[in-house]
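Me: I have a model on my screen and would like to know what lies behind the terms used for it. Could you take me through them?

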Amino acid sequence: MIPGWMPPKTRTTERARVAAEPGALVLLCVVAWLVPGAGHLWLGRMQKGVIFLCAIPLMFLIGLMLEGTIFPFQFAEPLAGLAALAQFGAGLPWIFARMLDAGKGTVTAVTWEYGNTFLIVAGMLNALIVLDAFDISMGRK
Amino acid sequence: MRDHFLLLAVFAFFVSLVFAVLMRDDPRAQLRLGAIMFLGFITSALVLGWLMYPLPI
């Protein structure tokens with residue numbers, strides 16, 4: 001063995017190579033978006049996956065409890081449209097909330113802005129998590 | 001849950017947690033970065049809050 005050379009993380013590298021096939025890569029990104037942390041779990045990064053799996057849905061739930069609004073995709077109001085895009089990033093929590101008709105929001109509630117912030121940031125953080133899973137699967141990390 | 005500072009702390013905790021776990025692989029390094037980010041959030045919020053205090057908002 002060459003001095004100073006460290007063997008690669010075999011399990012993760014093999015999984016990453018499998019995920020680097022185009023079809024699997026798309027599937028990985030879709031799964032990682034739908035279930036926060038699932039992409040990392042798929043790639044063998046268990047600790048990260050479990051933390052994301054708990055943190056993002058919990059953040060989204062707190063946003064709903066704080067009476068935040070799930071914004072509709074109406075780009076007549078650009079900021080509301082962008083907020084809707086950001087919230088969409090949360091994946092299944094967003095889909096469930098829409099199905100259950102949650103997130104109507106109470107504009108007059110003291111915590112409304114806080115709720116919106118939690119909902120929007122949860123979605124954007126999940127988008128970052130998807131990008132991270134993509135980078136890992138491409139062998140960049 | 002209407003305490004603004006508590007909500008700020010909860011928000012800072014989650015964001016710091018996710019960023020620390022994303023940016024570091026070693027658990028000790030994650031804990032260190034997470035703690036630094038969390039304290040940075042709280043400190044900057046308190047400082048900005050006091051700086052804005054005299055403003056007629």
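This is a predicted model: local features need pLDDT of at least 70, side-chain atom pairs count only at pLDDT 80 or more; totals for chains, interfaces and linings use all residues.

Me: Why is the pair Asp25(B) and Lys48(A) called a salt bridge?

Reply: The rule asks for a side-chain nitrogen of Lys or Arg within 4 Å of a carboxyl oxygen of Asp or Glu. Here the N to O distance is 2.8 Å, so the pair meets the rule. The structure holds three salt bridges over all chains. Asp25(B) sits in the loop between helix 1 and helix 2 of chain B and Lys48(A) in helix 4 of chain A, so this pair joins two chains. Helices here are DSSP runs (H or I, at least four residues), numbered from the N terminus.

Me: What makes up the contact between chain B and chain A?

Reply: Contact means heavy atoms within 4.5 Å, and by that rule 17 residues of chain B touch 22 residues of chain A. The buried area, which is the accessible area (1.4 Å probe) lost on being put together, summed over both parts, is about 1,800 Å². Carbon and sulfur atoms give 79% of that area. Phe11(B), Phe14(B) and Leu22(B) supply 34% of what chain B buries against chain A, more than any other three residues.

Me: What makes the largest pocket a pocket, and which residues are closest to its centre?

Reply: On a 1 Å grid over the protein atoms alone, a pocket is an open set of points where a 1.4 Å probe fits, with protein on both sides within 12 Å along at least five of seven lines. Its volume, the space filled by probe spheres set on the points, is about 190 Å³. Of the 13 lining residues (an atom within 4 Å of a point), the closest to the centre are Leu17(B), Gln30(B), Leu31(B), Gly34(B) and Ala35(B). Helix 2 of chain B gives the most to the lining, with six residues.

Technical notes. Residues are numbered from 1 along each chain as its sequence is written. Chains are lettered from A and ligands numbered from 1 in the order in which they are written. Side-chain values use heavy atoms; hydrogens and water are left out. Buried area is the accessible area (1.4 Å probe) that two parts lose on being put together, summed over both.
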